[in-house]
Amino acid sequence: MRDHDPGRGGRETVMDRPWPQDEPAPLAVPRPDEVDPAVLGALLARHGWRRRGGAPGAYARWTPPGRLAGGTSLLVPESRDFPDSGDLLAEALTALSRSAAPSAREVLTGLAVPSDEIRWRREVPEAPGGTAAWTAQERLRAAARDTLLAGALAARGRAGYYGARHRRAAEASLERVLTGPPGAGSGGRELTVFVPVEEDGRTTAVTLLRALYALRDAADYHRTTGGMEAYDGAVAAGVSRELTEAVIALVQGTEGARVALEWSPAAGPPPGFAARPDPVEFSPGDLPGLREAGARYVRDEPSVPVCLTGAVVRLRRTGPGGPGTVRLRVLSGAEVAQVRITLDEEDYRIAGHAHLVGLPIRVRGRLESRGGFRRLSGAGGVTPVQVDEAERDRLVKSLQENLDFFEEACGGGP
């Protein structure tokens with residue numbers, strides 16, 4: 001997840017790095033001919049701007065929320081039907097870019113990238129001096145990212161526990177997510193992210209909302225009856241160990257937390273969903289059930305039979321003969337980045353030879369849930385796989401850059 005600064009073409013800061021300390025650059029002004037006045041009005045209302053008069057049917061006057069209400073005001077046309085609508089839009093957008101209100105940046109971000117907005121709020125104590133607020137903001141950012149990651153994982157298939165599965169694709173999809181400004185008065189309590197509706201962003205938002213509702217229902221059932229059946233059934237709606245861990249991190253150390261989603265005004269709500277979905281709230285009383293459910297998901301998730309194709313990136317055994325351990329960079333067959341495999345002497349020799357000549361191998365086994373689906377058990381039937389010349393040259397180059405593997409492949413490693 002990244003911080004978005006449209007003023008410099010999208011200056012980006014990876015979410016889990018420290019919050020940037022430099023002053024944000026001035027925002028670029030969107031082109032008026034690309035802005036729908038109705039969408040602008042909807043975004044202003046969503047972010048607390050108040051409509052204070054205007055000419056009905058022609059334009060509306062908007063003022064910012066809070067103590068800045070007496071400052072900037074915007075004249076926003078109701079439509080493009082009037083000759084001066086383009087000029088009014090240009091003036092409104094320029095005023096927004098110069099406004100000191102944090103909500104102005106959120107409105108401009110929503111205009112620049114049609115996005116569903118997800119808001120997290122943690123109820124934490126007041127923090128004099130700012131130090132505690134900084135820590136609270138970092139915790140909120142980490143929990144928000146993990147919540148989104150859980151939604152992105154569920155959008156790629158249901159499982160009680162993903163481990164390393166689907167993680168590369170899910171994390172890559174979060175690169176398109178934008179974060180809003182924290183707000184000077186939020187004290188680390190609030191964070192807004194913008195999930196672009198294009199590609200699989202809307203799917204992630206929809207899946208996450210369904211999963212959070214199912215998790216809330218399961219937590220209510222557990223608190224009422226003590227039973228875990230609802231948690232088991234919630235997996236079909238996208239609940240997982242990853243989501244329970246994210247919600248635990250969100251709630252821990254607070255009096256409660258909530259997640260609210262608002263659909264992109266430009267795209268509208270997806271079929272079957274309310275125009276304004278109800279927020280989902282969790283409290284410290286939910287934590288015991290969430291922890292128990294997370295442990296249960298890991299324990300019950302079965303191993304998966306797979307046939308993997310991958311490039312050998314490390315070979316290791318204790319002597320010149322016998323079985324050895326291979327690390328494989330997975331090219332196909334499973335949604336994981338790497339796996340470790342223990343092979344008998346013959347399969348280890350084949351894997352070593354394939355590595356030395358720059359060929360990937362194919363191997364069958366069971367991807368074990370224990371350890372996060374990073375180990376293949378019962379592996380066998382190793383065979384080299386032919387690849388095109390470009391891929392083979394790349395693999396050989398990788399070998400030449402890591403000559404220590406040669407000694408291990410020949411059995412000389414410790």
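Leaving aside neighbours within four places in sequence, which residues is threonine 325 in contact with? The views below show a predicted model, in which local features need pLDDT of at least 70, side-chain atom pairs count only at pLDDT 80 or more, and totals for chains, interfaces and linings use all residues. Residues are numbered from 1 along each chain as its sequence is written, and side-chain values use heavy atoms, with hydrogens and water left out.

**View 1. Threonine 325 in strand S11 (residues 324–332).** Strands (E, at least two residues) and helices (H or I, at least four) are DSSP runs, numbered from the N terminus. Beyond the sequence neighbours named in the question, threonine 325 is in contact (heavy atoms within 4.5 Å) with Arg314, Leu315, Arg316, Arg340, Ile341, Thr342 and Tyr348. The C-alpha atoms of threonine 325 and arginine 314 are separated by 8.2 Å, and the two residues are eleven apart along the chain. Threonine 325 counts as partly exposed because its relative accessibility is 22%; buried means under 20% relative accessible area, exposed over 50%, and partly exposed in between (1.4 Å probe, protein chains only).

**View 2. Histidine 222 in helix H6 (residues 201–225).** With a relative accessible area of 15%, histidine 222 is buried. Not counting residues up to four places away in sequence, histidine 222 touches Gly227, Met228, Tyr231, Gly289 and Glu292.

**View 3. Helix H1 (residues 37–46) and its buried residues.** Pro37, Val39, Leu40, Gly41, Leu43 and Leu44 are buried in H1. The buried residues of this helix pack against elements including helix H2 (85–98), helix H3 (102–112) and strand S5 (115–122). Just after H1, glycine 48 takes a positive phi of about 90°.
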